[in-house]
Amino acid sequence: MPRSPHAGDAPILIATRASELALRQARAVQAALMTRGVAAELKTYETVGDRRLDEPLSQIGAKGLFTHELESDLASGRVDCAVHSLKDLPTASPDGLVVAAVLPREDPRDALVFGPTLAGGTGIDALPAGARIGTSSLRRRAQLLAARPDLEVAELRGNVLTRLRKIADGQVDAAILAAAGLHRLDAHAQIGAYLEPPGWLPAAGQGAIAVQIRSGDARMLGHAAALDDGATALAVRAERAFLAALEGGCQVPIGALARPTAQGLHLWGMIATVDGMRVLRGDAPVEPERPEAAGEALAGSLRDAGAGEILVGFERARGLPAPQPE
């Protein structure tokens with residue numbers, strides 16, 4: 001049943017996935033609200049992406065694999081807000097929903113976690129030929145094979161703690177995970193090496209926690225606005241504009257990261273074929289007044305360099321009609 005409009009100090013109901021990492025992220029939002037004297041409770045969900053662990057993410061084929069159930073209840077008024085890893089959110093929000101805040105970003109880099117056979121490893125370049133490296137991300141697969149085509153890439157699904165157990169059990173020799181998740185789970189010691197940008201790029205929005213609300217909910221808009229981190233918001237707006245302009249999601253290997261430089265905020269982006277045989281890279285300065293413009297311009301330059309051909313290849317592989325030129 002839809003929740004009645006809030007009266008007085010009734011607790012805010014926060015939707016979150018049930019994994020330990022998702023709960024920690026939701027609790028961070030809960031704690032931030034509590035510092036402002038706002039009570040909040042959590043409601044947990046299991047999403048399509050959580051249930052269908054026997055299939056590669058790229059083959060499930062739907063957008064919002066880790067967000068749809070939360071967004072549905074948010075839109076219908078059963079919860080007051082939803083907390084997501086921003087990288088899991090499609091760039092186009094459902095009608096009536098909006099990302100109203102992003103919290104200060106954790107480390108956006110990817111990291112290598114080594115299994116027992118490679119204990120003491122130092123990075124991708126030092127991996128032995130034929131090593132079995134786990135990931136469920138096409139972006140990570142493409143960048144790994146571009147750097148080391150002699151490695152074996154193995155599908156590795158499950159939440160972060162499950163993947164860490166699989167690594168420890170020797171199901172793979174090493175795996176690539178988001179540093180932010182390992183940090184938030186107090187698993188820093190598991191990190192064998194960080195994969196440094198811009199040579200290696202994370203997913204757009206990686207490391208950022210998003211608070212999604214109904215666009216017409218003035219009460220929640222006020223609470224969310226107080227949680228928003230301006231620097232993080234600028235960076236991820238540029239990254240997600242790049243992703244949106246390339247019409248990409250988990251089914252296309254696309255990476256993006258905006259970070260400060262001596263000259264100001266700068267955006268790097270890449271798109272690749274899954275086998276890593278073709279990788280297109282570029283960068284662009286970000287104007288704080290128009291962060292999306294950098295993402296759109298960078299996507300345009302990569303399209304001119306051949307990104308359109310890569311995207312057409314993905315559409316054909318999925319049996320979909322190729323996008324038509326404008």
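Modeller: One cut-off before we start: buried means under 20% relative accessible area. Also, this is a predicted model.

Colleague: Fine. Is Glu239 buried or exposed?

Modeller: Glu239 counts as buried, because its relative accessibility is 0%.

Colleague: Which residue does Glu239 form a salt bridge with?

Modeller: Arg105. The closest N and O atoms are 2.8 Å apart. Glu239 sits in helix α9 (residues 230-245), and Arg105 in the loop between β4 and β5 (110-114). That links parts of the chain 134 residues apart.

Colleague: How many salt bridges does the structure hold?

Modeller: It holds 18. Some share partners: Glu20, Arg24, Arg27 and Asp186 are joined into one network that way.

Colleague: What about Asp88? Which side chain meets it in a salt bridge at 3.7 Å, N to O?

Modeller: Arg17 does. Asp88 is in the loop between β3 (81-85) and β4 (97-102), and Arg17 is in strand β1 (residues 12-17), so the pair ties together parts 71 residues apart in sequence. Both residues are buried. Lys87 also forms a salt bridge with Asp88, with closest N and O atoms 3.7 Å apart.

Colleague: How do Lys87 and Asp88 compare in accessibility?

Modeller: Lys87 counts as partly exposed, at 37% relative accessibility. Asp88 has a relative accessible area of 19%, so it is buried.

Colleague: Switching topic. How many residues does helix α1 have, and what does it reach?

Modeller: Helix α1 (residues 20-34) has 15 residues. From first C-alpha to last it reaches 20 Å, close to the expected 21 Å.

Colleague: Which residues of α1 are buried?

Modeller: Among them are Leu21, Leu23, Gln25, Val29, Gln30 and Leu33.

How values were computed. Residues numbered from 1 in each chain as written. Predicted model: local features only at pLDDT ≥ 70, side-chain atom pairs only at ≥ 80, totals over all residues. Heavy atoms only, no water. Helix = DSSP H or I, 4+ residues; strand = E, 2+ residues; numbered from the N terminus. Expected span 1.5 Å × (residues − 1). Buried < 20%, exposed > 50% of the residue type's maximum accessible area, 1.4 Å probe, protein only. Salt bridge = Lys/Arg side-chain N within 4 Å of Asp/Glu carboxyl O.
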